[in-house]
Every structure is written in C-alpha cells, then in structure tokens.
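Please look at the sequence and the structure before reading on.

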Amino acid sequence: MSGRGLFGRIDWITIILYALLVFIGWINIYSTSLADQSTSVFDFTTLYGKQLYFIGLSLLGIILVLFVESNFFERFASIFYVVSLVLLLGLFVFGKTIAGATSWYNLGFFNLQPSELAKVATALALAKFLSDIQTDIRTRKHQMYALVIILLPAFLILPQPDPGSALIYFSFFFVLFREGFPLYYLGILLFIVALFVTTLMFGTVWVTIGMVVLTLLVYTFKKASVKIPLLPVLGVIVVSTLFSLSVNFVYENVFEQRHRDRFALWLGLEKDEDKLEEIRKTIGYNTYQSEKAIESGGFFGKGFLEGTRTKGDFVPEQHTDYIFSSVGEEWGFLGTATVVLLFSVFFLRLIYIAERQKSDFSRMYGYGVISILVFHYFINIGMVIGLLPTIGVPLPFFSYGGSGLIFFTMLLFIFLKLDSNRLKDGI
Amino acid sequence: MKKLLLSSVIVLIGFTFIGRLSYLQLFRFSPDQILDDPAIKKIYDYPERGYIYDRNGELMVGNQPAYDVMVIPREVKPLDTLEFCGLLGIEKTVFTDRMQKARTYSPRLPSVLVPQLSKEDYAKLQEKMRHYAGFYIQKRSLRYYATNSAANVLGYISEVNEWELKNNPNYVAGELKGHTGIEKQYEEVLRGRKGVKHIQKDRFNRDIGPYKSGKLDTLPEQGKEIHITLDKKLQEYGERLMHGKHGGIVAIEPKSGEILAMISGPTYNPALLVGRQRSKNYSKLHYDTISKPTWDRSILAQPSPGSPFKTLNALVGLQEGVIDEDTKVRCYHGFYVGNTLRGCHCGGGVRNMNSGIQQSCNAYFAGVFRKIYDKYRTTDEAMDAWEKHMKSFGLGNFLGTDLPTGAPGRIPDKSYYDKWYGDGRWAASTIISNSIGQGEIAATPLQLANMTAAIANRGYFYTPHVIKSIGNSGSIDPKFTEPHYTTIERKHFEPVIKGMANVYKYGTARWIQIPGVEIAGKTGTVENFIRVDGQRMQLTDHSVFVAFAPVENPQIAIAVYIENGYYGARYAGHIASLLIEKYIKGEITRKDLEKRMLEKTLEHEYAKPYSGEPFKINEYVW
C-alpha cells in the first residue's frame with residue numbers, strides 16, 4: 001500500500017465529482033455572462049474568462065496543497081487561525097468595499113476575501129483543538145473553548161457587514177455534535193427556531209394552545225409504564241410562552257423593516273396583495289425573479305444559452321449567488337435534480353472518507369469541511385428556490401468568484417491530502 | 001446516531017430541494033409561458049388588408065397610408081412646445097395631457113401622441129420632425145373607399161375589443177378587425193397573417209437582439225383580395241335613388257343567387273368611419289334613432305310583404321290542385337268574412353288567376369286561400385301544408401347568406417295561432433289576411449328578392465350571397481352553388497308569371513314600363529301602424545314592388561321596399577324599373593322619371609308622427 005504514490009492514494013471519485021461541479025458551474029457562468037459579440041472563452045475581460053483564470057489559480061492551489069507535508073496543516077493550524085483573525089481585524093483599516101461590504105483586500109491581480117480563508121483556518125484550528133489528547137468535549141470548559149474558536153471569526157465578519165458568511169460558522173456545530181457535543185443542544189436550538197417561526201406565523205396564543213394540546217395528546221396516548229413528570233413539562237410551556245411573547249417584541253422593535261419584509265415574504269405573512277407586490281418588486285425581487293426563471297425551465301429546460309430570463313439579465317447577481325437559477329432555466333428539472341444529486345453524492349462520499357480516517361484530526365477537519373460546504377449549499381439553493389429568506393452566500397464550486405473557488409478548493413484538497421496519508425504510519 | 005446525523009441532514013435537504021423543484025418546474029410550469037415571458041418582446045409586421053372589388057373588377061375598397069405621431073417620453077429633449085403643437089394642430093393642454101399619459105404608460109416605450117395625420121399634415125411635419133428628439137412618425141394602413149356607397153354591406157373595421165382579445169389569441173390590443181358586413185364575414189381572408197419578430201429584452205426592457213436568432217420569426221402574409229357580387233354602378237345608382245327615402249332594395253341575379261345590389265336608405269359614406277373623425281361620426285350615425293343609417297333595412301327590416309305575397313298563394317293553390325288557371329272568384333269590391341265586407345281596389349267583377357294577379361284582387365286570393373284550407377280535414381293539416389310551401393321559398397327563416405347579420409322574417413305556423421287564439425279557436429277566415437300578404441307574415445327585402453328569383457327560375461333559388469371569388473383560387477363556399485328547390489312544380493309557374501307580366505303590361509304597374517324590356521312584377525301596398533308615446537297610429541302605406549326581367553331568361557330579380565311610399569307602383573315600382581333599366585340597358589332613357597325619383601324625398605312623411613300635430617296619411621302629393 002505504502003508503495004503507491006500520491007496519485008494512487010488520493011480519492012479520485014471525489015476529484016471527479018469536484019471537477020464536474022466546477023465544470024457545470026463554469027458552463028452556467030458562461031451562459032449568464034455571454035455577451036452577443038463574444039470573442040473567445042479566454043477573454044479575461046468577461047466574467048467567464050475570469051472564472052477560467054480563477055480555476056487555473058485553484059489548480060495551482062491544489063498542487064501547492066498536495067505537495068506540502070500532511071502534518072504541516074496540523075502543526076500550523078493555530079498559526080493559520082491567528083493570522084486569519086489578524087487579517088479579519090485588518091479589514092477595519094485596509095479593507096476594500098465592494099457592494100457595501102468591507103470584506104476584501106485589494107492585491108492588485110486579485111481581491112482577497114479573508115473570511116473565506118478564515119473558514120479553512122477555523123476548520124483546522126477546531127480540528128486541532130478537539131483532537132488534542134487533553135480536550136474533553138463533555139466538559140463545559142472545553143465546550144466554551146470550542147464555541148469561542150468557532151464564533152470569534154464570525155463576530156469579526158458580522159460588522160463588515162456580511163451576515164451570510166458569519167452564519168456559515170454555525171455549521172461547525174456539526175463537527176461538535178459528531179465529536180460528542182450533547183445532541184439535546186441541537187434539539188433546543190431547533191425548538192427555539194420552531195417557536196420563532198410558528199409565533200410569527202400563528203401568534204403566541206395559538207403556539208401556546210398547540211403546545212398544551214400536544215402535551216395532553218402525549219399524556220393520553222403514552223403507555224402507562226412510561227412516566228413523564230408533569231412539572232418540568234409545564235415549566236417548558238411557560239418558558240416557551242414567554243419566549244414567544246418576546247419574539248413578537250423583538251420582531252416589531254428590534255428587527256428593521258427590511259428584515260420584517262423578508263420574513264413576511266418567506267413565511268407568507270403578508271396577506272395584502274398590493275403590499276406583497278411591493279415587496280416582490282423591492283426586497284423579494286431577486287427571489288421572485290429566480291423562482292420565475294427556474295419555473296420557466298420546466299422539465300427539459302430551454303437549452304444551453306437559450307434561457308430568455310438569463311440572457312435578459314432578469315435575475316440580479318445571477319452569476320454569483322443566483323447561479324442555480326440559470327441551471328433551472330436552461331437545463332430544467334433534469335439539470336437541477338442532477339446538480340442536487342451530484343452535491344448529495346459528493347457530500348456522502350466525503351462523510352464516508354471522513355469516517356475512515358484513523359487520525360482524529362483528519363476526521364474532525366473533514367467534518368469541518370463537509371459542514372461548511374453543506375451549509376453553503378443548503379442556504380444558497382434554499383434561497384434561490386424560495387425556501388429560505390435571502391441570505392447572500394455563494395454556491396460552492398459553482399458561483400462566480402475567485403476567493404470563494406480557491407478557498408473551497410483548498411479546503412477540500414487539504415482534506416484529500418490528509419486522506420491520502422491515512423495509511424501512512426507515524427502521523 | 002451522531003455518525004448518521006450529518007448524512008441524514010444531507011439526504012433530507014436533497015429530498016426537500018427535489019420536492020420544491022418538482023413543484024416549481026413540473027407543477028407550476030406551463031408550456032405557453034413564452035406568451036407572457038417579460039424577456040421576449042413580439043414585434044408585429046402587419047400585412048396589407050385585402051382589397052375588395054365588385055363583380056366587374058372595379059375597386060370598391062383599398063388601403064391608404066395614415067401617419068401616427070409617436071413619442072418615447074424618455075428620449076424627449078426640451079422643445080418649443082407651442083411651435084410643435086402648432087405643427088401638430090393640437091392644443092397645448094392636449095399635448096401636456098397626452099405626454100403625461102404616455103409617460104405613465106411607459107417612459108421607455110412608444111405611445112401614440114397624435115393618431116392618423118392627414119397626408120397634408122404629414123408632408124408639413126416630415127421636414128421638421130428631426131428637430132424634435134423622442135418623436136417620430138409611424139406609418140399605418142387605413143381603409144380607402146373607392147365608392148361612397150354600400151357602407152352597410154362592406155362594413156367597417158375597428159379596434160378589437162377586450163372580449164375578442166380574451167377569446168381570440170390571434171389579435172393583439174390595438175389591432176383592427178372587421179366588425180360588420182363583408183369586412184367581418186371575410187375577416188380571415190382579408191386580414192392575411194401578420195408577421196412576428198421575437199426580440200430578446202433585458203430587465204430594463206431594452207432590446208438586446210433577436211430571440212433564438214429569429215428562428216421563430218415569421219413573415220407577414222398578404223391579405224387576399226376578394227371580388228364581391230355587387231355591381232358598383234347599380235349600387236351607387238340605387239343609393240342615389242334612395243335619397244330622402246327610407247327603405248331597402250335587394251337585387252339578385254336569379255341564375256346564380258349573386259346579390260347585385262343591396263341598398264338601405266338612408267345610408268352614409270363608408271369613408272366617414274375611417275380616420276381621425278371616426279368616433280365622432282360613428283356616434284352621430286349610431287345615435288340617429290329616427291333614420292337609423294347603420295341599420296341595414298335591406299336585410300333587417302321585416303315588414304309585411306303585402307300583395308307580392310299573393311303570387312305565392314297562387315302557386316300553392318295550383319300545386320295543391322285546388323284551383324287552375326281558370327278558376328273564377330267573384331269580387332264584390334271586396335269579400336265577406338262572416339258578415340263583414342273586406343275591401344278591394346281592383347274594380348270588382350269575376351276574377352281568374354290572370355286578372356286576379358294583374359289587378360291585385362284581394363277577393364280572388366281570399367278565395368284561393370279558403371280553397372287551400374278547405375282541401376284539408378283540419379286547419380292544422382292545411383296550415384302545415386301551406387307553411388311548408390312558403391318556407392320552401394326561403395321565407396320565415398334565416399336564408400344563410402354570407403352576411404354577418406340578417407333577420408328571419410315570419411311565416412306563422414299553427415302553434416303561433418294556437419298561442420294567439422287558443423287551440424282550435426281559429427280557422428282560415430281568422431287568418432285570411434295571410435292570403436294578401438298582410439297579417440302575421442313578415443319578410444325582409446332580401447327574402448322578397450330571393451322569392452322573386454325563385455319564381456324567375458321557375459322553382460328554385462341559390463342562397464343569396466355577396467362573395468364572388470376569393471384570391472386567385474376563386475373558390476367560394478359550395479353551399480352557394482347548390483340549388484334549393486321549392487315545393488312547387490315547374491309547370492305551375494307559367495300562369496303566375498304570365499299574370500305578373502300582365503301586371504307590368506296592363507295592370508297595377510303599367511306606369512313604369514321600360515321601352516324594350518319585358519318585366520314580370522307585382523306591386524304591394526302595405527298598411528302599417530306604429531306606436532308613438534304609447535298611441536297606435538296608422539301611417540302612410542309602405543310601397544313595395546318585386547320584379548324580375550326579362551321575363552324569359554331573367555337576369556335580375558329585385559325587391560324594393562319604400563317606407564311610407566304609399567301604393568306599390570308609386571315609389572317602389574318606379575325605382576325598381578329604373579334599376580332594372582340601368583342594369584339591363586346600362587343607361588336610362590326616361591330622364592324625367594329619373595329626375596323625379598332622384599329629387600323627391602319622403603322626409604315630410606317621416607316627420608309626421610314626430611311633429612306632434614294631426615296629420616293625414618296616404619295623401620297623393622307629387
């Protein structure tokens with residue numbers, strides 16, 4: 001086994017899936033940004049030409065990663081983390097503002113987005129911390145440390161402002177859950193989200209009535225042998241009711257109108273047709289247009305370069321965050337389902353790889369990688385097809401953008417590099 | 001559990017996405033979305049509407065260019081508004097209003113600022129147009145009329161209405177469509193097919209090139225020209241004769257069923273309904289409820305036919321075998337219904353078929369009518385037989401012409417009288433007025449002309465129609481070339497036609513003779529009543545005349561109906577004779593008669609019931 005070289009040990013299935021995603025992504029960027037008087041695909045004044053250039057840079061990054069010693073990443077994880085924090089802080093002074101967010105360093109040939117770098121660094125740092133022989137995630141203290149590692153970059157990113165990227169850091173909770181972080185935290189989180197959403201949709205009174213009815217049902221139909229103490233259940237109901245009341249307060253007084261509009265659109269809270277139309281034209285415009293574009297594709301799609309709404313530039317930011325709508329319009333349900341399937345297989349393959357690691361660090365880093373990618377994928381496509389409110393995050397490997405593509409690639413290939421070394425001794 | 005958490009989340013997300021995508025792309029998708037795709041603009045290229053020619057190949061309706069001044073509000077630069085308004089010939093306030101409207105509609109898209117400029121205004125404006133950014137002139141095609149007649153037959157075109165838009169995807173808002181007459185009936189043929197260009201637009205509604213490189217685009221297809229059966233000269237002449245008179249005239253070529261003229265009085269110049277003054281003129285015509293120029297009397301008016309109907313009763317009598325040519329009936333200057341004497345103007349004495357028709361003897365035809373009824377055991381059976389004969393002449397129902405409007409007239413049947421009098425409570429004597437074409441019988445001038453054509457043909461007719469040929473192929477609906485046979489045998493026609501010929505030679509129409517032309521005709525004088533302010537009053541009789549000529553090998557069958565024209569020969573007969581002469585000889589020899597008919601009007605008769613003063617009817621005033 002150890003006789004095989006790097007190319008024999010690396011996971012080619014993952015690489016093929018990766019290459020497919022990047023290729024399909026580029027095809028769609030080509031379609032969205034193709035001007036009528038186009039010259040060649042290598043024309044760097046066009047978006048698709050630039051994306052090709054970024055793909056080239058990513059290849060360089062892959063080579064770089066693959067030829068670095070595996071233990072380099074584990075050894076220097078903390079340093080990467082600190083450097084990325086410093087870079088994030090530095091944005092407050094030297095940052096370049098694009099589209100209202102101060103998230104970039106201008107390197108001349110390239111706009112570097114340190115929040116992308118920080119994702120890699122945080123994944124490494126979290127894996128390093130958790131894999132440490134002295135760390136026990138079941139203790140409150142180490143749970144706190146882990147949370148700090150995860151949330152520190154998020155807090156630095158939030159005021160850029162880039163809430164989408166900040167939100168991504170919550171994906172690291174999957175790593176924690178995998179490593180023994182109590183699952184009921186997740187239960188509580190989901191319960192809070194459910195309370196929040198149902199309160200907005202139905203109001204506090206109905207939420208409380210619902211909980212009481214549910215409790216009564218459980219008590220009526222449970223087996224006599226199962227004993228559930230009544231007092232804590234009542235406590236939960238009371239606390240939930242109070243929380244529900246506070247939701248209304250927060251929604252009306254802390255949230256701004258644009259946030260409220262997003263929720264109104266997402267949950268269908270606005271019943272007034274005129275106002276709904278108004279929201280659709282303003283804050284919901286992107287989602288409305290992308291949904292319409294996808295819908296118009298039908299089963300077979302309109303065909304490559306035939307998407308009328310894509311060509312007409314009806315969906316704003318289509319080459320970046322809304323790239324999936326181009327798939328929907330031009331390739332139809334066949335295309336969208338294929339992409340969803342590809343991503344799912346890709347993620348499951350990565351989980352399979354992560355689980356076969358002998359080194360704790362490799363596995364934990366792997367989970368970090370998967371969690372980040374899944375989160376992006378979920379939020380992005382969820383938003384484009386109108387399931388989630390508008391949150392600006394790119395679709396990994398698909399969306400136009402240099403930093404995104406390069407750091408997603410490095411994120412992935414560091415993991416593949418670690419995987420290729422799993423059978424080597426002494427790591 | 002903890003190992004499976006992330007995998008389950010991924011699978012769950014996958015299913016959710018696929019579910020949502022199925023909803024969007026499979027359930028909500030509809031294949032004709034291209035119709036309302038905001039990214040595709042359709043530009044239509046309108047073909048020229050087909051020309052309409054008369055039976056001799058003379059142009060009746062063509063096209064003329066018209067010029068709309070268009071504006072794209074966003075591109076307008078500051079301008080000297082007063083000067084510009086002066087050029088356009090509009091008020092400044094109108095200009096401001098329309099600009100505001102255009103801007104509200106769309107700042108980026110063109111709106112009509114001034115529609116349908118005349119050629120002269122266009123010539124003036126064309127020079128200066130380039131000084132006004134954002135304005136341009138668009139050429140359109142309007143109807144041009146090479147005749148001032150036949151307005152109701154030709155019909156008019158106007159903008160499609162909302163209902164039509166909803167129900168017919170062939171039309172787009174603002175398009176013109178035939179709404180009456182031939183324009184409506186042959187809309188599909190005349191319209192042609194518009195070409196369409198699909199233009200890809202961006203979200204600012206700017207053109208960014210042809211959609212699919214123009215693969216779906218089509219070229220316009222020229223509308224086909226049609227030839228109609230009207231004789232333009234005859235039509236125009238008839239309308240001149242109808243000056244100042246209300247009524248309808250229909251002339252048919254018996255051997256083909258082609259309508260040679262179809263005149264309704266009063267009428268209007270079809271050019272009135274074209275161009276900038278269209279809506280003003282339309283309101284004026286439409287709201288003239290006394291003379292009703294847009295109401296085509298030749299196919300919509302349904303007066304009682306009067307005496308011409310006697311010829312049919314004679315034919316039915318012969319066919320039923322209850323009389324022959326020599327059957328005699330005595331006229332007591334009238335005839336008795338029970339103990340009441342109904343009058344007759346024929347002069348009295350013993351009448352046979354020939355003199356009965358010739359002198360239009362009421363008593364003779366009442367006798368014939370009774371004999372028909374006496375043949376049958378019950379009045380119901382007699383009524384059925386009689387009704388069948390009458391309807392075989394195209395009476396009492398729509399004729400099925402190729403005009404979009406029409407009226408059925410009326411041949412009463414037994415259920416009609418059962419409802420009126422009660423079952424079994426009526427007899428031949430109750431409905432004796434039917435024998436002389438009064439009573440419950442009603443027929444349009446078109447039906448009368450058709451009936452006359454059937455007599456001229458000795459027993460059959462072709463459905464009257466106005467289409468002669470379509471485009472180059474020339475074929476028309478085969479239903480117009482199929483003879484309809486009446487229930488009367490051919491041999492029975494000769495005695496009746498002989499009577500009609502004598503009407504012209506020696507009888508009630510002997511005043512209208514045309515030198516060198518043999519006519520078979522029948523006069524009619526129809527009593528009529530109207531209600532004004534709830535009061536029933538009798539007005540001057542309608543003047544009716546039907547005829548065909550020549551007697552052998554007839555070329556024209558005509559029915560003339562003149563409201564309040566008094567006795568049959570007085571107006572209807574004279575007008576019919578002039579039209580027949582015009583058609584057969586091509587010129588009028590009786591100039592004094594022509595002059596009288598052209599100049600005389602009946603306006604004084606039409607004014608009577610509305611004058612509010614007492615008036616006399618049936619005055620002999622020349």
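Helix 10 of chain A covers residues 184-202, and these 19 residues reach 26 Å from the first C-alpha to the last. That is close to the 27 Å expected at 1.5 Å a residue. The model is a predicted one. Directly after helix 10 of chain A comes Gly203(A), with a positive phi near 90°.

A similar check can be made on helix 3 of chain B, residues 92-105. Its 14 residues should span 20 Å at 1.5 Å a residue, and because the end C-alpha atoms are 20 Å apart, the two values agree. The table sets out both helices.

| Helix | Residues | Number of residues | Expected span | Span in the model |
|---|---|---|---|---|
| Helix 10 of chain A | 184-202 | 19 residues | 27 Å | 26 Å |

How many of the 14 residues of helix 3 of chain B are buried? The count is one, so helix 3 of chain B is hardly covered. For chain A as a whole, 42% of the 427 residues count as buried. Chain A contains 19 helices and three strands. Taking the contacts in chain A between residues at least 6 apart in sequence, 69% join residues at least 24 apart.

Next comes a pair of helices in chain B. Helix 12 (residues 310-320) and helix 18 (residues 493-505) of chain B have axes 9 Å apart and pack at an angle of about 150°. Why do they count as roughly antiparallel? Angles over 145 degrees are placed in that class, and therefore helix 12 and helix 18 of chain B are roughly antiparallel to each other. The crossing of helix 12 of chain B with helix 18 of chain B is right-handed. On the side of helix 12 of chain B, the contact is made by Thr311(B), Ala314(B) and Leu315(B). Helix 18 of chain B contributes Phe493(B), Val496(B) and Met500(B). Of the residues in this contact, five are nonpolar, one is polar and none is charged. In general, an α-helix has 3.6 residues a turn, so residues three or four places apart point the same way.

The last topic is the meeting of the two chains. Here 33 residues of chain B are in contact with 36 residues of chain A. On the chain B side, helix 1 (5-27), strand 8 (195-201) and strand 9 (207-210) each supply at least two residues. Helix 1 of chain B gives the most, with 15 residues. By type, the side of chain B that touches chain A has 17 nonpolar, seven polar and nine charged residues.

Terms used: Residues numbered from 1 in each chain as written. Chains lettered and ligands numbered in written order. Predicted model: local features only at pLDDT ≥ 70, side-chain atom pairs only at ≥ 80, totals over all residues. Helix = DSSP H or I, 4+ residues; strand = E, 2+ residues; numbered from the N terminus. Expected span 1.5 Å × (residues − 1). Buried ≥ 20, exposed ≤ 12 C-beta atoms within 10 Å, placed from the backbone. Axes fitted to C-alpha atoms, helices over the stretch in contact; angles between N-to-C directions. Parallel < 35°, antiparallel > 145°, perpendicular 65-115°, else oblique. Left-handed = near helix turned anticlockwise from the far one by under 90°. Contact = placed C-beta atoms within 7 Å. Nonpolar A, V, L, I, M, F, W, Y, C, P; charged D, E, K, R; others polar.
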